[in-house]
Amino acid sequence: MNKIKVAFVCVHNSCRSQMAEALGKKLASNVFESYSAGTETRPHINLDAVRIIQQLYDINMEETQFSKRISDIPTPDIVITMGCNVNCPYVPCKYREDWGLEDPTGKNDAEFTKVARIIERKILGLKNRIINHEIKG
C-alpha cells in the first residue's frame, strides 16, 4: 500500500515549508511521505532555518533538500499551506489545511525556534489524525 503524500507549500519554498518537510521526514515517515514546494524557488534554503533545524533536531536540510516548484513533486494527497499572507497556490488534493505560520525570515533565532516547535507539534498532530482516520489522504 502506498503511503499518503503530504505537500507542505508556501510561495518561495525556502523556509517554513522546508522545515516542515524535514520534520515530517524525521517524525512521521512511518505514516506519510513529506514533500515541500512553492510557486517560486530560491537558490538556497534559508540559512537560519537550516541552522536552527540542525541545532534542534540534528537534521542537515542542505544535504537532503532543495527549493522546488509544485510541478517538481508527486501529486499530493494532502496539502498543508504554511500561511502565505498572499494568495496561496492551488494544488489539487483530497484534503487541505492552512497552518497560518508567521514567516521568521529576517527575525531572530527565538522566532525560528518558535516556528520550528509549532511545526513539530503540527506534524505530530497531523500524523495522529491520519493514524486515527480523522483525515483520509
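Reply: What follows goes through the labels one at a time, with the cut-offs.

Reply: This is a predicted model, in which local features need pLDDT of at least 70 and side-chain atom pairs count only at pLDDT 80 or more, while totals for chains, interfaces and linings use all residues. Residues are numbered from 1 along each chain as its sequence is written, and side-chain values use heavy atoms, with hydrogens and water left out.

Me: What makes up the chain, in helices and strands?

Reply: The chain has four helices and four strands. Helices are DSSP runs of H or I with at least four residues, and strands are runs of E with at least two, numbered from the N terminus. In that direction the order is β-α-β-α-α-β-β-α.

Me: How do you know whether the radius of gyration agrees with a compact globule?

Reply: The rule is 2.2 Å times the number of residues to the power 0.38, and the radius is taken over C-alpha atoms. For 137 residues this gives a value near 14 Å, and the chain has 14 Å, so the two agree. The C-alpha trace spans about 40 × 25 × 25 Å along its principal axes.

Me: Why is Ala28 called buried?

Reply: Buried means under 20% relative accessible area, exposed means over 50%, and partly exposed is in between (1.4 Å probe, protein chains only). Ala28 has 0%, so the label is buried. This residue sits in helix H1. Across the chain, 47% of the 137 residues count as buried.

Me: Which residues does Ala28 touch, leaving out those up to four places away in sequence?

Reply: They are Leu23, Ile123 and Lys127. A contact means heavy atoms within 4.5 Å. Of the chain's contacts with a separation of 6 or more, 71% are between residues 24 or more positions apart.

Me: What makes Lys68 and Glu21 a salt bridge?

Reply: A salt bridge needs a side-chain nitrogen of Lys or Arg within 4 Å of a carboxyl oxygen of Asp or Glu. The closest N and O atoms of Lys68 and Glu21 are 3.2 Å apart, which meets that limit.

Me: How many salt bridges are found in the whole structure?

Reply: The search finds seven. Among them is the pair of Asp109 and Arg51, whose closest N and O atoms are 2.8 Å apart. Asp109 lies in helix H4 (residues 109-131) and Arg51 in helix H2 (residues 47-57), so the pair ties together parts 58 residues apart in sequence. Asp109 has 35% relative accessibility and is therefore partly exposed. Arg51, at 31%, is also partly exposed.

Me: Why is Glu97 called buried, and what is the label for Arg129?

Reply: Glu97 has a relative accessible area of 14%, so Glu97 is buried. Arg129 has 24%, so Arg129 is partly exposed. Their side chains meet in a salt bridge of 2.9 Å, N to O. Glu97 is in strand S4 (residues 95-98) and Arg129 in helix H4, so this pair ties together parts 32 residues apart in sequence.
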